[in-house]
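Visitor: Good afternoon. Could you take me through a few features of this structure?

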Amino acid sequence: MTRTRPPRPAPLRALLTVALPALAACAALTLTGVLDPLHAALLVVVVTTAVVLWRRLDDGDEAPWPDVVHDRREGARNDVSELGWATFTRSGAVGDRVLRRVRDLAAARLAERGVDLAAPGGPEAAAHLLGTDVVDGLVSRRPVSRVEVHRWLDAIDTIDTVPTSVPIPVPTTRPAAAPAPPTPPDRPAGRPPR
């Protein structure tokens with residue numbers, strides 16, 4: 001869109017529209033005794049010159065800046081920086097933008113397995129792949145802590161390891177240490193075998 005410039009008045013007309021009011025003002029200042037005739041004439045010349053130069057100076061056409069081509073790829077440097085700043089709110093909870101991205105990731109990974117959280121029965125099917133507490137967190141709109149989002153991401157990463165034929169819920173807590181194997185009855189504890 002180009003800017004149109006208003007037409008300029010003729011030079012003589014512009015000179016007269018400036019010089020005549022300046023001359024009248026200076027005449028009034030001379031007649032009232034504020035200025036002597038020499039300074040009044042100089043004031044007319046200075047004001048007329050300043051206004052004419054001001055009007056004659058060319059503003060020039062501003063050249064538009066060229067459009068910068070933004071090569072926007074997912075996971076590009078800008079995305080990483082923006083997500084870093086948008087990660088946490090002032091209260092320490094995870095920000096809405098990050099939660100939206102994690103929820104979109106979970107929906108995409110569940111869609112690969114044929115599960116839709118919005119469909120009837122979708123949350124139950126997703127609970128078999130992710131765990132009930134993860135699905136409850138993904139569906140709810142409450143503030144979420146960093147630890148909880150880490151648990152969601154870990155569950156999303158394990159979707160491929162869960163078989164689809166047998167629904168096995170993902171454990172939400174780590175199992176206790178495995179018990180030590182029992183000692184065989186033919187030898188007492190602490191004795192080496194013969």
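This is a predicted model: local features need pLDDT of at least 70, side-chain atom pairs count only at pLDDT 80 or more; totals for chains, interfaces and linings use all residues.

Visitor: At what angle do helix 5 and helix 6 pack?
Guide: Helix 5, residues 122-130, packs against helix 6, residues 132-139, at an angle of about 130°. Their axes are 7 Å apart.

Visitor: How are the two helices oriented to each other, then?
Guide: Angles over 145 degrees count as roughly antiparallel and those from 65 to 115 as roughly perpendicular; helix 5 and helix 6 are therefore oblique to each other. Their crossing is right-handed.

Visitor: Which residues make the contact?
Guide: Helix 5 contributes Pro123, Ala126, Ala127 and Leu130, while helix 6 contributes Thr132, Val134, Val135 and Leu138. By class, this contact has 7 nonpolar residues, 1 polar residue and no charged ones.

Visitor: Which residues of helix 6 are buried?
Guide: Val134, Val135, Gly137 and Leu138 are the buried residues of helix 6. Viewed down the helix axis, they fall within an arc of 160°, so they line one face of helix 6.

Visitor: And what covers them?
Guide: The cover over the buried residues of helix 6 includes helix 4 (96-112), helix 5 and helix 7 (146-157).

Visitor: Changing topic: where does Thr17 lie?
Guide: Thr17 belongs to helix 1, which spans residues 11-31.

Visitor: How far apart are Thr17 and Val52?
Guide: They are separated by 35 residues in sequence and by 10.0 Å in space, C-alpha to C-alpha.

Technical notes. Residues are numbered from 1 along each chain as its sequence is written. Side-chain values use heavy atoms; hydrogens and water are left out. Axes are lines fitted to C-alpha atoms, for helices over the stretch in contact, and angles run from 0 to 180 degrees between N-to-C directions. Helices (H or I, at least four residues) and strands (E, at least two) are DSSP runs, numbered from the N terminus. Angles under 35 degrees count as roughly parallel, over 145 as roughly antiparallel, 65 to 115 as roughly perpendicular and the rest as oblique. A crossing is left-handed if the near helix is turned anticlockwise from the far one by less than a right angle, and right-handed if clockwise. Contact means heavy atoms within 4.5 Å. Ala, Val, Leu, Ile, Met, Phe, Trp, Tyr, Cys and Pro count as nonpolar, Asp, Glu, Lys and Arg as charged, and the others, Gly among them, as polar. Buried means under 20% relative accessible area, exposed over 50%, partly exposed in between (1.4 Å probe, protein chains only). The arc is that of the directions from the helix axis to the C-beta atoms.
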